[in-house]
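Here is a briefing on one protein model. Look over the sequence and the fold first, then read on by topic.

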Amino acid sequence: MLAHLPVLVILAPLLGAPVASLLRGPNWPWLLATLLSWFALLCSVLLLIQVNAQGTFIYTMGGWEAPWGIEYRIDFANALLLVLITGLASVVLPYARLSVEHEIGADRCPLFYTALLLLILGLCGITVTGDAFNVFVFLEVSSLATYTLIAMGRDRRALTASFSYLIMGTIGATFYLIGVGFLYVMTGTLNMADLAERLPAISDSSTVRTAFAFIVTGICLKLALFPLHLWLPNAYTYSPSAVTAFLGATATKVAVYVLIRFVFTIFGVEFSFGAEPLAEVLVPLAIIGLLSASTVSIMQPNIKRMLAYSSVAQIGYIVLGLAMGTAMGLTASLLHVFNHGLMKGALFMVMGAVAYRMGGTSIDDMRGLAKTMPLTFWAFVLGGLSLIGVPLTVGFVSKWHLILAALELGWWPVVVAILAGSMLAVVYVGRVVEAGFFGEPKDATKREAPWGLLVPLWVLVIANIWFGIDTRLTVDIAEAAAAQLMAGGVVR
């Protein structure tokens, strides 16, 4: 069984999705999806342990050796991301039982859990595959499932948000596919390891440069880098709470991983940051994005929308790290991929609990929450501190490494921008905390959220503190992944 772990992570949601669609009522599909997510998490943890002990794990589908067959290739970078995806799924699904039934109704629960399993399938598939076209296939699976899940939001604006994401997501996927097509024409292979070996000999070709531009642009649209982020705020705001929590923690992070994989493994550091002006393009966009999105967050009356713009800002931090083109910068980027997934998953789950009791997620709904829903409120406070980057939280760990990476290059203005982004986070998190502490409750008769919501969200809140204090696991794996990626990340 251990030899088949990469494919088991994919098979679990793949086989479970059609079964979930045939089950009736809200409970059976939920139970199936939850058990499958726990199984996938177990497989992911075992894969991470195996990679840590033995190095890169290569699984050939059907016994066909690459490049003729498709291979799944697990190294430090995607092993850590796989744990994040399946771990968030394992926490969000128990949370979803009450939240989903309350927000979308029991009759649509089978469809919801079917789409969510397909989303998990797509994200895990993108993460483990070693084939560039296979990435596109899984990208479409995850995208179609995402459009469906967003459209299930109870606000009618969820439909327009889903349609907007469909248009923008299709453009991004098309750009990616065009770029991969150019690479195939030039190299005759779609296997990532083969591409990495063959591209250096033809890297001065205008076709390869064009492919690079198409792929980077397409992926940046999928990961919502400023100014290609316009689909994200509405998608996060009007989705069902459980969907927002899972998407906000994982979807853009998987797109970041794809960008890292192409930039560092396939095209290589020398081409991406030497022959091509990637840093000159991405660094300004990342800085403008993290500052402008943080500023816009301050003005949002809807807290889910505030956190959505905050996600755009956090993507700026992540892209800033990888755009430095150094091992320290890449370590910071990978750390923030994992850490931001924890903090934003927790915060969106808090907003789901608030919506469950208060019926909305506006700043008015947060007033007096410290008195009426103290456990929910303090979960927001701790998640907000992590978002700001206060010591003893995961947010501090990744921002500290990002500042060290900037200092290593002598980029003092970038350090100032990072600190300014954290100060802006103090403002938009602080206004919510102020309303919760000093505001008068909208409805003083409201009581704490049910334990079915509180326990999963507090698991993530505790993880924010745990990995902020004990950083050995995340930092060691991120450093090992960065070293592997800087060296090309190809193991035969």
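**Contacts of a helix-start serine and the overall picture**

Leaving out neighbours within four places in sequence, Ser 241 makes contact with Tyr 95, Ser 99, Glu 103, Lys 304, Gly 352 and Ala 355; contact means heavy atoms within 4.5 Å. The model is predicted: local features need pLDDT of at least 70, side-chain atom pairs count only at pLDDT 80 or more, and totals for chains, interfaces and linings use all residues. Residues are numbered from 1 along each chain as its sequence is written, and side-chain values use heavy atoms, with hydrogens and water left out.

**Overall fold**

- The protein has 21 helices and two strands; these are DSSP runs numbered from the N terminus, with helices being H or I of at least four residues and strands E of at least two.
- Its radius of gyration is 21 Å, close to the 23 Å that the globule rule gives for 492 residues, so the protein is as compact as a globular protein of that length.
- That radius is taken over C-alpha atoms, and the rule is 2.2 Å times the number of residues to the power 0.38.
- Along the principal axes, the C-alpha atoms fill a box of roughly 70 × 55 × 40 Å.
- Of the 492 residues, 62% count as buried; buried means under 20% relative accessible area, exposed over 50%, and partly exposed in between, with a 1.4 Å probe and protein chains only.
- Among contacts between residues at least 6 apart in sequence, 80% join residues at least 24 apart.

- Ser 241 is found in helix H10 and counts as buried, at 3% relative accessibility.
- Ile 303 lies in helix H13, residues 303-323, and is buried at 0% relative accessibility.
- Not counting residues up to four places away in sequence, Ile 303 touches Met 351, Thr 361, Ser 362, Ile 363, Met 366, Phe 380 and Val 432.
- Thr 361 sits in the loop between H14 and helix H15 (363-366), and counts as buried at 9% relative accessibility.
- Beyond four places in sequence, the contacts of Thr 361 are Pro 301, Asn 302, Ile 303, Lys 304, Met 351 and Ala 355.

**Largest pocket**

- The largest pocket has a volume of about 290 Å³.
- It has 18 lining residues, and the closest to its centre are Val 45, Val 83, Phe 338, Phe 467 and Leu 473.
- On a 1 Å grid over the protein atoms alone, a pocket is an open set of points with protein on both sides within 12 Å along at least five of seven lines, a cavity is a set where a 1.4 Å probe fits but cannot get out, and lining residues have an atom within 4 Å of a point.
- Points are joined across faces, edges and corners, and a volume is the space filled by probe spheres set on them.
- Helices H2 (27-54), H3 (76-104), H14 (327-358), H20 (451-469) and H21 (472-486) each supply at least two lining residues of this pocket.
- H3 gives the largest share, six residues.
- The pocket lining divides into 16 nonpolar, two polar and no charged residues.
- Nonpolar covers Ala, Val, Leu, Ile, Met, Phe, Trp, Tyr, Cys and Pro; charged covers Asp, Glu, Lys and Arg; the others, Gly among them, are polar.

**Cavities**

- The whole structure holds four cavities of 30 Å³ or more.
- The largest cavity contains about 200 Å³ of space.
- Its lining has 21 residues, with Ile 126, Leu 139, Lys 222, Ala 251 and Ala 255 nearest the centre.
- H10 supplies the largest share of this lining, six residues.
- The cavity lining divides into 14 nonpolar, six polar and one charged.

**Cysteines**

- There are zero disulfides; a disulfide is a pair of cysteine sulfur atoms within 2.5 Å.
- The sulfur of Cys 124 is 10.0 Å from the closest cysteine sulfur, in Cys 43, too far for a bond.
- Cys 124 is buried, at 0% relative accessible area.

**Backbone exceptions**

- Most residues other than glycine have a negative phi, and most peptide bonds are trans.
- A cis peptide bond joins Phe 226 and Pro 227, with omega about 5°.
- Ala 224 is not a glycine, yet has a positive phi of about 65°; Ala 224 is buried.
- Leu 392 has a positive phi of about 75° and is exposed, at 54% relative accessible area.
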